[in-house]
Amino acid sequence: MRRLPLFLLIDISDSMIGEPIEYLQKGIDSMISKLRQDPHAIETLHISIIAFAGRVKTIVPLMELPGFYAPKLQVGAGTSLGGALEHLMKEIDTKVVQRTEHRKGDWKPLVYLMSDGKPTDIFQPAVDKWNRHYRNRVNTVAIGLGPHASTGIFSKFADNVLTYNGETEADFTKFIEWMTISVKTQSIKVAESGDRGAFKVSLEKSSDVLQPVKSGVASKDEDHVILVGRCQIKKSPYIIKYNTTAHSTPISQIMNFRQNDAKYMLSGCYPVDESYFEWSDPGSMGGDGPAVSISSIFGNASCPRCGNPVANAVCGCGKIFCVPGTGPSKCPWCGRTVTMEIMGEGVDFDITRSYG
Ligand SMILES: [Zn+2]
Ligand SMILES: [Zn+2]
């Protein structure tokens, strides 16, 4: 019998303390007992729970439903998302029977990741490795629990990214019911037609406690905007960081300026190594990256490489570079000579930002 491996990747950072972890504990118990009553699930499903805070551990190794009991969830400090992905990849390598020419192996594993916060570790190398070697052979659903989850980061490695926006225990129960149905549906699908074809989660039964997050688009509640620039003289890169004004005094109140609708304010401009690009998702560097409108950011930095007074000039190619002022300048990204002008009142356009 080919197994359908299910990995539950659970964020147990200390921000989950209290009701969230309580609901989650009850939710897992109820999900397991419902799945036990399902003939398809009981036949094929094998479940593992991996928990992560500052450290990552498998709390239940991959096992079949009859013997499965979820231990009590603990919490810790930190959100090692990169570490969790690394750990998951190791588990997939060692616990999942791979398909070969002579052996059918397990069905494509299912991964449900649940997290309420932002990663506190360096996650990009793990994300890159995942995208290169694992993404296509695993069906992943990443669920942001609440408004502070970094769904923009989830979009870098998961094809199905959702936001849970419920508040009450009843809402959470609905969410768990949806997840149970979603797992059941996949166990029926593999039994009847195999695991080929696109895996797409249906939100029909989610009772509106879940919302899809568009793949590749950073979530709107992000705290920062990061722009990547290049010095036209030294050619080397730098990043300009803007912080959200959402949690602070609106700019309009501290400055009598027209940028009333600016959502992000300059925080700093920092030189970075060329390796910045190696650690970055290629999709976030080109025109496919998330966009930010020029009127939503406020504040100018000088170039940390050459001292040019304007570090956030925008070329026609969409990239950011440094300029001494108005007049002709050469874009270090595309090589074109462009004439810089001061942006007129009311001019607005989108520029590509990094995922941050
Ligand atoms: Zn410069
Ligand atoms: Zn250019």
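Q: Which phi does G335 take in the hairpin of β15 and β16, and how many residues lie between the strands?
A: In this predicted model, G335 has a positive phi near 80 degrees, and 6 residues lie between the two strands.

Q: How do you know that β15 and β16 are paired?
A: Pairing needs at least two bridges. Strand β15 (residues 327-330) and strand β16 (residues 337-340) are joined by 4 bridges, so they pass that test. The two strands run antiparallel, and P328 stands opposite T339 in β16.

Q: What makes β6 and β7 a pair as well?
A: Count the bridges again: strand β6 (residues 160-164) has 3 to β7, and at least two are needed, so this is a pair too. These strands run antiparallel, with Y164 opposite L210 in β7.

Q: Why are β3 and β7 called edge strands?
A: Start with the order of the open sheet of 7 strands: β3-β2-β1-β4-β5-β6-β7, with mixed pairing. Each of β3 (56-64) and β7 (210-212) pairs on one side only. Neighbouring strands in this sheet are turned by 20 degrees against each other on average, direction ignored.

Q: Which helices lie across strands of this sheet?
A: Helix α3 (residues 81-95) lies across β1, β2, β3 and β4, at about 150 degrees to β2. Helix α6 (residues 169-193) lies across β1, β2, β4, β6 and β7, at about 155 degrees to β1.

Q: How do you know that the span of α6 is close to the expected one?
A: The expected span is 1.5 Å times one less than the number of residues. For the 25 residues of α6 that gives 36 Å, and the helix reaches 36 Å from its first C-alpha to its last. Just after α6, G194 takes a positive phi of about 80 degrees.

Q: Why are some residues of α6 called buried?
A: The word applies when 20 or more other C-beta atoms lie within 10 Å of a residue's own. Among the residues of α6 that are buried are F172, W178, M179 and V190. Across the chain, buried residues make up 40% of the 356 residues.

Q: Why is the crossing of α3 and α4 called left-handed?
A: A crossing gets that name because the near helix is turned anticlockwise from the far one by less than a right angle. Helices α3 and α4 (residues 124-133) pack at about 35 degrees, with axes 8 Å apart, and their crossing is left-handed. Their contact includes L85 and M89 of α3 and V127 and W130 of α4.

Definitions and conventions
Residues are numbered from 1 along each chain as its sequence is written. Chains are lettered from A and ligands numbered from 1 in the order in which they are written. This is a predicted model: local features need pLDDT of at least 70, side-chain atom pairs count only at pLDDT 80 or more; totals for chains, interfaces and linings use all residues. Axes are lines fitted to C-alpha atoms, for helices over the stretch in contact, and angles run from 0 to 180 degrees between N-to-C directions. Two residues are in contact if their C-beta atoms, placed from the backbone, lie within 7 Å. A residue is buried if 20 or more other C-beta atoms lie within 10 Å of its own, exposed if 12 or fewer, and partly exposed in between; C-beta atoms are placed from the backbone.
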